[in-house]
Amino acid sequence: MRVFLGLLLLLALTTSSSAIYCLCKDGIGEKELQTAIDYACGSLADCNPIHDNGPCYQPNNIKSHCDWAVNSYFQKAAQVSGSCVFSGTATTSQNPPSNLVTGCIYPSSASTTSPTGTTLTNGTTPAFGPTGTGGFQGNGASSLIISPVLTLCFSSLVFLWGSDVRLGFSHV
């Protein structure tokens with residue numbers, strides 16, 4: 001029984017912490033993608049890598065630049081629920097974009113560095129934020145923490161229950 005509980009505890013602590021990315025959806029118009037880029041780059045996102053000669057500038061298209069901007073924002077916002085919505089322009093994914101070039105490394109976990117951000121090219125305030133329901137959206141980021149914690153709690157309860165039986169306590 002101890003071996004089983006030990007293995008269960010080990011499993012709880014080593015559950016996969018798969019990467020979570022925020023990417024712009026396919027089929028979204030260029031105006032909406034640009035609005036998402038402007039908002040993300042004007043607030044939390046570090047958009048320097050998608051500037052000319054940056055490591056993620058290529059491919060030089062609005063969809064690729066939008067992917068970088070919203071993902072940078074999402075990671076700097078600590079993957080908080082609702083921070084990858086951008087009025088329906090973006091969604092979470094467990095895979096990075098398929099068109100990455102050598103040298104462009106997408107962050108896949110919440111950033112602990114302070115945001116650098118960039119200013120909007122037209123000098124205006126961002127038109128919208130990453131709006132959402134504000135509640136849990138089940139995007140997977142929260143479950144990466146919750147699942148191991150619940151497994152650990154359950155394992156502890158089972159272990160304690162098993163210890164009580166060996167100590168001679170009776171259970172009703």
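Accessible areas were computed by the Shrake-Rupley method with a 1.4 Å probe, and for residues only the protein chains shown count as cover. On this basis the accessible surface of the chain comes to about 10000 Å², of which 60% belongs to carbon and sulfur atoms. The structure is a predicted model, in which local features need pLDDT of at least 70 and side-chain atom pairs count only at pLDDT 80 or more, while totals for chains, interfaces and linings use all residues. Residues are numbered from 1 along each chain as its sequence is written, and side-chain values use heavy atoms, with hydrogens and water left out.

The secondary structure consists of four helices and two strands, where helices (H or I, at least four residues) and strands (E, at least two) are DSSP runs numbered from the N terminus. Along the sequence these follow the pattern α-β-α-α-β-α. Of the 172 residues in the chain, 36% are buried; buried denotes under 20% relative accessible area, exposed over 50%, and partly exposed in between (1.4 Å probe, protein chains only). A contact is defined by heavy atoms within 4.5 Å. Among contacts between residues at least 6 apart in sequence, 83% join residues at least 24 apart.

Helix H2 (residues 30-42) has 13 residues and reaches 18 Å from its first C-alpha to its last. This is close to the 18 Å expected at 1.5 Å a residue, the expected span being 1.5 Å times one less than the number of residues. The buried residues of H2 are Leu 33, Ala 36, Ile 37, Asp 38, Tyr 39, Ala 40 and Cys 41. They pack against strand S1 (21-24) and helix H3 (62-76).

Aromatic pairs were assigned to rings of Phe, Tyr and Trp (its six-membered ring) with centres within 6.5 Å; planes under 30 degrees apart count as stacked, over 60 as edge-to-face and the rest as tilted. Four such pairs were found. Tyr 39 and Tyr 73 form a tilted pair, at 5.6 Å centre to centre and 50 degrees between the planes. Because Tyr 39 lies in helix H2 and Tyr 73 in helix H3, this pair ties together parts that are 34 residues apart in sequence. Both Tyr 39 and Tyr 73 are buried. Tyr 39 also pairs with Phe 86, edge-to-face, at 6.2 Å centre to centre and 65 degrees between the planes. Here Tyr 39 in helix H2 is linked to Phe 86 in the loop between H3 and S2, 47 residues apart. The relative accessibility of Phe 86 is 0%, so Phe 86 counts as buried.

Most residues other than glycine have a negative phi, and most peptide bonds are trans. The bond from Gln 58 to Pro 59 is cis, with omega near -5 degrees, and Pro 59 is found in the loop between H2 and H3. In the loop between H3 and strand S2 (90-93) lies Gln 79, whose phi is positive, near 55 degrees. Gln 79 is buried, with a relative accessible area of 12%. Ser 87, in the loop between H3 and S2, also has a phi near 55 degrees, but is partly exposed at 46%.

Ala 110 lies in the loop between S2 and helix H4 (141-166). The C-alpha atoms of Ala 110 and Gln 79 are separated by 6.0 Å, although these residues are 31 apart along the chain. Not counting residues up to four places away in sequence, Ala 110 touches Gln 75, Ala 78 and Gln 79.
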